[in-house]
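Hi there,

Here is the structure I promised to pass on to you.

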Amino acid sequence: MKIQSKLARSVRLALTYGALTSMLGTGYAIAQEAGEEAEEASVEKIAVTGSRIRSANLNSVSPLQSFDAGDIDASGIANIQELLLDNPTFGTPAISRTNSNFSTASAGIATVDLRNLGTARTLVLVNGRRFVSGQPGEMAVDLNTIPAQFIERIEIMTGGASSVYGSDAVAGVVNLILKDEYEGLEFEGQYGVSAEGDDEERQFSITAGTTSADGKGSMMLHLGYTDQGGVYSRDRERSAVDQFSTFRFTGDPADAFTPTRPFFSSYPPQGRFDAGGVRYTFDGNNTLQEGFSTNGNGTIGPDGFNRSHYRTIAIPTERYLFAAKGDYELSDKHSVFVEANYAASQTVTELEPFPFASDDIYASGAVPLEFNVNGTVLSNPFVPNEILNSATDLDGDGLRDLDFFAKRLLDVANRGNIADRDTFRFTVGFEGELFDDWFYETYYVYGQTKESQVSSGQVNVQNFRYALEAVTDTLDLDEDGVTNEAICVDETARSFGCVPINIYGFNSITPEMAAYVSAPGMLSSFISQEIIGGNLTGDLFDLPAGPLGVAFGFEHREETSRDEFDALQQQGLNAGNAIPATRGDFDVSEFYLEANIPIIEGLNARTAVRASDYSTVGSTSSWNVGLDYQVAPWVRLRAIQAESVRAPNINELFSPPGQTFPTGLNDPCDGITANDSGTTADRCRADAGVAANIAANGAFTLNQSDIQGISGFNRGNPNLTEEKGKSTTIGVVFTPEGMLEDFGLTIDYFDIEIEDAIVATPRQFILDQCYSGDQSFCSFITRRQAPLGTNSAGSIEFIDSADSNSGGEINEGVDITLTYSGDVGPGRLNGRLAYTYVMEGGLVPLPGADLDPYVGEIGASEHRANLNVSYDWDAWSVTMGATYIGEAYFNDQFLAGFDLAPESIGVDASVYVDTQVKYQLTDSIEIYAGADNLFDEEPPKILSGMPGSDTGTETDAGTYDPIGQRFYIGARAKF
C-alpha cells in the first residue's frame, strides 16, 4: 500500500523515480523530453537513501548512484555482488567465490567493499534496514542470500552515513530496495557455461504477486534456485602447474612475470625420508631411490608434488532462495507490512592433500623405528631395509630413529570443506500517517545465519603417532596368537582399534589405515541479529523558503555470534591451523535527529546527529552537515561534512589467537652476509639462527619451504574503542537544457579520513620495524634457531599480529558520472559512464608512522571506470558494458625489500566487455542471450610469491576475472 500526500503545487509526471535519480546523477534513469507537457498529479513523499526525511522534492546531498531491475536483468548475474563490482566506487571484495578457496570458514560468500576501506565499513541495508551478517563475528552481509530478481533497485551512497543509519556506514551505504505491489506471475530460467566448458550455471526462479479484491492488501513471493559450477586450477594453463615468480630469487624486475616452473612441493605423496644423513624417496615405479630432487635435476626427479592439480579457482555454489513481502491497509492512514527471507546455500572447496611431516608429531622430527618390547627389540615392519640400515640412534635410547619424513597425504583425502549455510530474516512493522504530512514507521527485525561445515583431509596427530609406532606381532602382544602382522605398540591405542600405518611409497596407506588417522573437521557457527526501531518524519513548520522537514527516531539492536571448530582443530591437533572458538555479543541503543532547513529558494541545509550507547565501547556520537543548492534549473551544487563511527565487531573484540599462514612477505634478512654493515644486518646477525644460516651458506639463504612455511596468530582485543571517520564530499550536478537536454553529468570530490582505525598491524610492517625501526616489534617474530626438517636455521616460524586502535586510513578522489538518454534512429539509446579517480589512499599502521599508500597498488587502481550502453527498438534490446581497471603496481613495502622504488613493477590495465541481446517474443515472453568477458581478457599475471596473488589462480582473483569468456541464454515469461 502507498500512503500519499496531496501537494499544493503542481508537478510534472516526470518527477517519477527515474527522473529523480537522473537529477541525482544516478543509474540509468531516463530523462523526460524537453517541452513534453505533463498533467497535475498526486505525488508520493519518499525518502531517498541517506535521509529518513520524506519529501517529494528532496535531493541527496551525498553522491548517490543506482541500478534498477532492468539493469539487473540485462546483466545476467547470479548474485548482486557481480553487478556491484562493475561500479568503480567498489574495491576488491574480501570474500567472493573466486578468492576464498583456502578460507577455513565462510568460503564462497559474497561481500562488498566501498572505496577499498574494508567490508566492515560498508553498511548493507534492505529497504533501509539492516540485514543479518553472513560471516561469524563480522558485519558482512552475504549477498548470496538476497535474490536479485526480487530487487526493484539498488542505491549506493558513498561517504559517511552513521548519523542516519548507525555504525559501519563509514565508507557508505548499499541499500537494496525490494519490489513493491507486483501483480502477476513471472518465470525465469537461465543456463550458462564458460568457453572452457566449466563454470556451468543454472538459474530458475518464480516471482508471484497479487492484490486483495478490496485493494487493501498485497503480497509477493519469490522462489529461486541457482547452481554455479566449479572452475579448477588444472583447467587453466596459467595455473595448471605449480610455479613461483623468479623475481623472488633474483630480485631483477625483469623476472617478476617469469615463472620458475615447475615449482613443486617438497612434500610428495610417495614420501621423503631422511635416515643417517641420507635422503630417500620412491621413483615413479614405486622403487626406493637414494636422493630427492623436488623439480628434477637431470638425473632424478622431479620427485615433488604438483599442488595446482588439486586447487580451485571458483568455488561451486548452490543456493535455494525464498523471499516474501506483503502489506495490509488497516485504515486509510495506517498499514502493517512484513518481509521474509530464507536462503539455503552450499559451497564446496577443494585443495591439495595435507602436507604432513614428522615434526607435526614429534617436536624434534625424529621418528622411532625400533622399540624395546618386553626386553625384545622389534622394528617397524613397513620400513624398507635400506632406510632402517641407514638410521641411527638420535635420542640415546639405543634404538634407531628416522631423522625426518615428509609425506603428502594423498591416500587419506584431498583437503576442502562442504559448508551448508541457512540464513533467515523476518521483518514486521507498522507505517502510516499520524496527521497531515507526518509519517511514522515502527519495525521489528530478527535475522540469523547458521553454518555447518565438514572438512576433509586432516588427521588426528595422536592417532598418527600411535599408528607409526608399530611392530610385527611376533610376541603375541594382543593375545590372539602370533600372527606376524603389524600391530600398534601402545596397548591402550590397540584397545581403541589402532591400525598401523605404512607411509613408505605411493598408495601405501590403505583405506583402513586412512580411516584410523583421518579426522574430519567440524565447524558450527551461529549469528543472530535482533532490532526494534521507529522513525517519525514530517514538516515541523514553514520557513520563508519552505517547510522545515525533520525526522527522528530510535533503534535498539542486539548482535550475537559464535563459531566453534571441533576439539582437535581448536588445539591444532589435526596438523592444521589452531583455531579456538570465538563467542561474543553486544547491544546498542541509538537515537537520531535529522533536519532539512530551507534557507532561500533552492538552497537547503541538511543536518543529522545520532547518539549511541554500546554495551562494549560505551557512548558514541556521529553527525553530518550538508548543503544542497539549485543554482539554476540545469545546475545544482551539493556538499556534506560527516563524522561517522564504527564500533569494533565481535571478532575484533573477542577473537582468541587463531593461526594463519600469510603469504607475500619479504624477510629483511634475506641475503645478509657476515660482512654487511648497517642496522638491518646487525639486527639480523644478532639472532642465533640467522647467524648459523650465514655461517653455513655465506649469506642468509631461504629455501622454498622457508618462504612458504611462515605461520602466525591473529587475535582480537577487548580493549578496542570505536574508530571515527571524517568525510567531506563536494559535488555538482548538471542537467542541461536545450540541445544537451538528453545528457546528465555529476562530479563529486570525496575525502575520507579514519582516526583510531581498528587494524591488525601488517606483518610486513612488523618485519620492517623490527630490523630497521622500532625493535620492540621483534617480540612478534619467532625464528627457528636450528634446521628443522625442510626448514632452515633462522627462517621465520611465526609472525603474530593483533587488532588495535593504532591506525589511520585515508581515501581521497573524484567520481564523475555522465548519463545520456535520447531517441537515436528508430530506437532509444541509454548510456552511462561512471569513473573514479583515487588521488590518495593509504594506511597509517601506528600513530606517527608514515602513510603506507595503497592507491595504485594491485587491487586498488587509481583509475576505474564502467561504461554501459543500451539500445532499444521494437522488440529488440541490446546492452553492452565495459569495465576498466587501471594499471597497478606491487606493494611499495614489498618492493623496498628489494631496494626498488615504488611503482617499479606493475601490471597493465584490463578491460572486460559484457553484452546481452534480448528479444520480446510475445507480449508475455522474452528470450535473451549474453556473454561476459566477451573478448576473453586474460587476468594479469600475478605469480605465486608476489603480493596480491590468490593461491591457485596466479592472479588477484578478487579484482580480475580468473574464469574467462562465458556465455548464457535465458527466457522470462510474465503473466
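Below is what I found, going from the overall fold to single residues.

First, the ground rules. This is a predicted model, in which local features need pLDDT of at least 70 and side-chain atom pairs count only at pLDDT 80 or more, while totals for chains, interfaces and linings use all residues. Residues are numbered from 1 along each chain as its sequence is written, and side-chain values use heavy atoms, with hydrogens and water left out.

**Overall**

The protein has 16 helices and 49 strands; these are DSSP runs numbered from the N terminus, with helices being H or I of at least four residues and strands E of at least two. The C-alpha trace spans about 105 × 65 × 55 Å along its principal axes. For 975 residues, a compact globule would have a radius of gyration near 30 Å, and the 31 Å of the protein agrees with that (taken over C-alpha atoms; the rule is 2.2 Å times the number of residues to the power 0.38).

Of the 975 residues, 58% count as buried. Here buried means under 20% relative accessible area, exposed means over 50%, and partly exposed lies in between, with a 1.4 Å probe and protein chains only. Taking contacts (heavy atoms within 4.5 Å) with a separation of 6 or more, 71% are between residues 24 or more positions apart.

**Nonpolar cores**

A nonpolar core is a set of buried Ala, Val, Leu, Ile, Met, Phe, Trp, Tyr and Cys residues joined through side-chain atoms within 4.5 Å. The largest one holds 42 residues, of which Ile-80, Leu-84, Leu-143, Ile-154 and Leu-176 touch the most other members. Elements that each supply at least two residues include α3 (80-84), β4 (151-158), β5 (172-178) and β37 (743-760). The largest share, 4 residues, comes from β37. Beyond four places in sequence, the contacts of Ile-154 include Phe-67, Ile-72, Ile-80, Leu-84, Val-174 and Leu-176. Apart from this core lies another, of 35 residues, with Tyr-280, Leu-369, Leu-409 and Ala-514 among them.

**Helix α15**

Helix α15 (residues 763-772) has 7 of its 10 residues buried, so it is largely enclosed by the rest of the structure. Among the buried ones are Arg-763, Gln-764 and Tyr-771.

Glu-441 sits in strand β25 (residues 438-456) and is buried, with a relative accessible area of 14%. Leaving aside neighbours within four places in sequence, Glu-441 contacts Arg-129, Phe-337, Phe-430, Glu-431, Gly-533, Gly-534 and Asn-535.

Asp-936 belongs to the loop between β48 (925-932) and β49 (966-974). With a relative accessible area of 34%, Asp-936 is partly exposed, and it touches Gly-964 and Gln-965 when residues up to four places away are not counted.

**Backbone details to look at**

The one from Arg-261 to Pro-262 is cis, with omega near 5°, and Pro-262 lies in the loop between β11 (259-260) and β12 (272-275). Gly-301 and Pro-302 are also joined by a cis bond, with omega about 5°; Pro-302 lies between β14 (288-290) and β15 (312-314), in the loop.

As for phi, Asn-286 is not a glycine but has a positive value of about 65°, and this residue is partly exposed at 35% relative accessible area. Glu-903 likewise has a positive phi, near 65°. Glu-903 lies in the loop between α16 (892-896) and β46 (906-907) and is partly exposed, at 46%.
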